[in-house]
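User: I have a structure open and would like to learn how to read its features. Could you take me through them one at a time?

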Amino acid sequence: MIKFLLRTLGLFGLAAAFVLVIYDGTKSIAGNRLFLTSVGDLWTLLSPKSLATLQPLLSPYAGGVLWDPVAMTFLSWPSWAVLGVLAILFMLLGRPRRPLIGYAR
């Protein structure tokens with residue numbers, strides 16, 4: 001059951017990553033320059049309050065290093081790439097086992 005859920009989440013994640021690639025592509029073609037929707041922009045669009053509460057939670061740890069270089073770098077990555085990598089990871093975790101060849105245990 002868990003493997004089915006992981007594969008389903010992976011499939012929806014790949015579909016969302018594809019939609020974001022198409023969105024960025026059409027925006028780039030229309031604007032005659034490269035537009036990339038970052039993870040921070042997408043997160044702000046979907047749930048701005050949760051992103052605003054994340055900074056006070058991460059800032060006190062590791063002397064502020066956890067928020068400024070680490071989280072800010074992650075939030076600047078292209079959203080389609082992050083979603084695509086997570087979706088592929090979910091699909092790999094949810095793949096069915098290979099059948100045994102020869103003697104069964």
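This is a predicted model: local features need pLDDT of at least 70, side-chain atom pairs count only at pLDDT 80 or more; totals for chains, interfaces and linings use all residues.

User: At what angle do helix α3 and helix α4 pack?

Analyst: Helices here are DSSP runs (H or I, at least four residues), numbered from the N terminus. Axes are lines fitted to C-alpha atoms, for helices over the stretch in contact, and angles run from 0 to 180 degrees between N-to-C directions. Here α3 (residues 48-58) and α4 (residues 66-76) pack at about 145 degrees, and their axes are 10 Å apart.

User: Which residues make the contact?

Analyst: Contact means heavy atoms within 4.5 Å. From α3 come Leu 51, Leu 54, Gln 55 and Leu 58, and from α4 come Leu 66, Trp 67, Ala 71 and Leu 75. By class, this contact of α3 with α4 has seven nonpolar residues, one polar and no charged. For these classes, Ala, Val, Leu, Ile, Met, Phe, Trp, Tyr, Cys and Pro count as nonpolar, Asp, Glu, Lys and Arg as charged, and the others, Gly among them, as polar.

User: Which residues of α4 are buried?

Analyst: Trp 67, Ala 71 and Leu 75 are buried in α4. Viewed down the axis of α4, these buried residues fall within an arc of 45 degrees, so they line one face of the helix. That arc is taken from the directions between the helix axis and the C-beta atoms. The buried residues of α4 pack against α2 (39-46) and α3.

User: How many aromatic pairs does the count give?

Analyst: Rings of Phe, Tyr and Trp (its six-membered ring) pair if their centres lie within 6.5 Å; planes under 30 degrees apart count as stacked, over 60 as edge-to-face and the rest as tilted. By this rule there is one aromatic pair. The ring centres of Phe 74 and Trp 77 are 5.6 Å apart with planes at 70 degrees, so the pair is edge-to-face. Phe 74 is partly exposed at 34%, and Trp 77 is partly exposed at 43%.

User: Where is Trp 77, and what does Trp 77 touch?

Analyst: Trp 77 sits in the loop between α4 and α5. Not counting residues up to four places away in sequence, Trp 77 touches Thr 37, Ser 38, Val 39 and Val 82.

User: And how buried is Ser 79?

Analyst: Ser 79 is in helix α5 (residues 79-93) and counts as buried at 2% relative accessibility. Leaving aside neighbours within four places in sequence, Ser 79 is in contact with Leu 20, Thr 37, Ser 38, Val 39 and Leu 42.

User: What is the phi of Asn 32?

Analyst: Asn 32 has a positive phi of about 55 degrees, although Asn 32 is not a glycine. Asn 32 lies in the loop between α1 (2-31) and α2, and is exposed at 73% relative accessible area.

Note on methods. Residues are numbered from 1 along each chain as its sequence is written. Side-chain values use heavy atoms; hydrogens and water are left out. Helices (H or I, at least four residues) and strands (E, at least two) are DSSP runs, numbered from the N terminus. Buried means under 20% relative accessible area, exposed over 50%, partly exposed in between (1.4 Å probe, protein chains only).
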